[in-house]
Amino acid sequence: MSPDGVVPEALAGERLDRVVALVWECSRAEAARLIDQEKVAVNAVPAGSRSQRLAAGDRISLSEEPAVGSAALEPDLSVELDVVHADEHVIVVNKPADLVVHPGSGNAAGTMVNGLLARYPEIAGVGDTERPGIVHRLDRGTSGLLMVARTQAGYQALTAALGRREVHRGYVALVQGMPGDDRGVIDAPVGRSTRHPTKMAVKADGRPARTHYEVTDRMPARTESQDEPVPFDSARLELRLETGRTHQIRVHLAAIGHPVLGDGLYGGPSAPGISRPALHAHTLGFEHPESGQPLRFEAEIPEDFSLLYRLLRG
């Protein structure tokens, strides 16, 4: 890129956060922070999305100098991992709640990626250098299954399958209230909140997002209980992602008035025995990137989720 910040043809089509990190020699996390805080402008207009694709001739400007340096990517065998599948091309991990997927702002070490690097050092050269091997992510508080590429060819095949919506990602959630319909589709674009940079929101100018849900149990409030009263109606949902935006399920459920229990960020009430959103990536299915063989995995429901569900059911 030229000194005046004009995007050359060679970087046309690249994501904004990647270009900022490359040109200003900072980490992707730092580039994302600057974009989220509206300190990056494209053609004199504050950028609204990290994933904005750039065109040749676009002019980028920063109103704050980025902090130089990237997050540590040191192998760490002390990070416990539940690897449910591993072959030459792909790894499937059952991530526990409260484990961060990759290093970033405020989490320089002790992440799932650090643990993976200690066991599969070859992933260091796969995909994004700051989140090597990572094909898709789960929020820190969300437990469950995610896939990691072990080769560059595997990474390209799996990310392409995600883009074609050929990967099955099934979740279970415990939510406040009881949806009126037994099943439905939430079709609402999701983008970065303009009021709270750390949050996402349903926005007319957001990226397309679709979440399928089915109600599998309905639990009425039990205010008269002497043991553990439950002051609100609740429901157990099974969900399937058609797209995979940041915080998509949490934002969508909050938008229809049924936030995930324990999800204070999006209005979910606190719930006994659980200190994170009651959301679990329960099933994962995809075609093997090399053989094309269909693969399907299922992760057992975590104990904190199960205990809360039993309490809600009475």
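This is a predicted model: local features need pLDDT of at least 70, side-chain atom pairs count only at pLDDT 80 or more; totals for chains, interfaces and linings use all residues.
## The overall fold

Let's start with the big picture. The protein has 6 helices and 14 strands. Its radius of gyration comes out at 21 Å, close to the 20 Å that the globule rule gives for 314 residues, so the protein is as compact as a globular protein of that length.

How much of the protein is buried? Of its 314 residues, 48% fall in that class. As for who touches whom, take the contacts between residues at least 6 apart in sequence: 65% of these join residues at least 24 apart.

## Where H1 meets H2

Two packed helices are described by the angle between their axes and the distance between the axes. For helix H1 (residues 16-23) and helix H2 (residues 28-36), the axes come within 8 Å and cross at roughly 120 degrees. The crossing of H1 with H2 is right-handed.

Which residues make the contact? On the H1 side you'll find Leu 16, Asp 17, Arg 18, Val 20 and Ala 21, while H2 brings Arg 28, Ala 31 and Ile 35.

## Helix H6 and what covers it

Now jump to helix H6 (residues 303-313). Its buried residues are Phe 305, Ser 306, Leu 308, Tyr 309, Leu 311 and Leu 312. That spacing is worth a thought: an α-helix has 3.6 residues a turn, so residues three or four places apart point the same way.

What lies over the buried residues of H6? The cover includes four strands: E7 (168-176), E11 (210-219), E12 (234-241) and E13. Just past the end of H6, Gly 314 has a positive phi of about 80 degrees.

## His 288, a buried loop residue

Strand E13 turns up again here. His 288 sits in the loop between strand E13 (279-287) and strand E14 (294-298). Is this histidine buried or exposed? With a relative accessibility of 11%, His 288 counts as buried, because the cut-off for that class is under 20%.

The His 288 side chain reaches the backbone nitrogen of Glu 290 at 3.0 Å. Setting aside neighbours within four places in sequence, His 288 is also in contact with Asp 87, His 89, Val 90, Gln 293 and Leu 295.

Definitions and conventions. Residues are numbered from 1 along each chain as its sequence is written. Side-chain values use heavy atoms; hydrogens and water are left out. Helices (H or I, at least four residues) and strands (E, at least two) are DSSP runs, numbered from the N terminus. Buried means under 20% relative accessible area, exposed over 50%, partly exposed in between (1.4 Å probe, protein chains only). A polar contact is a pair of N or O atoms within 3.5 Å; within protein, one must be able to donate a hydrogen and the other to accept it, and residues adjacent in sequence count only if both atoms are side-chain atoms. Contact means heavy atoms within 4.5 Å. Axes are lines fitted to C-alpha atoms, for helices over the stretch in contact, and angles run from 0 to 180 degrees between N-to-C directions. A crossing is left-handed if the near helix is turned anticlockwise from the far one by less than a right angle, and right-handed if clockwise. The radius of gyration is taken over C-alpha atoms; the globule rule is 2.2 Å times the number of residues to the power 0.38.
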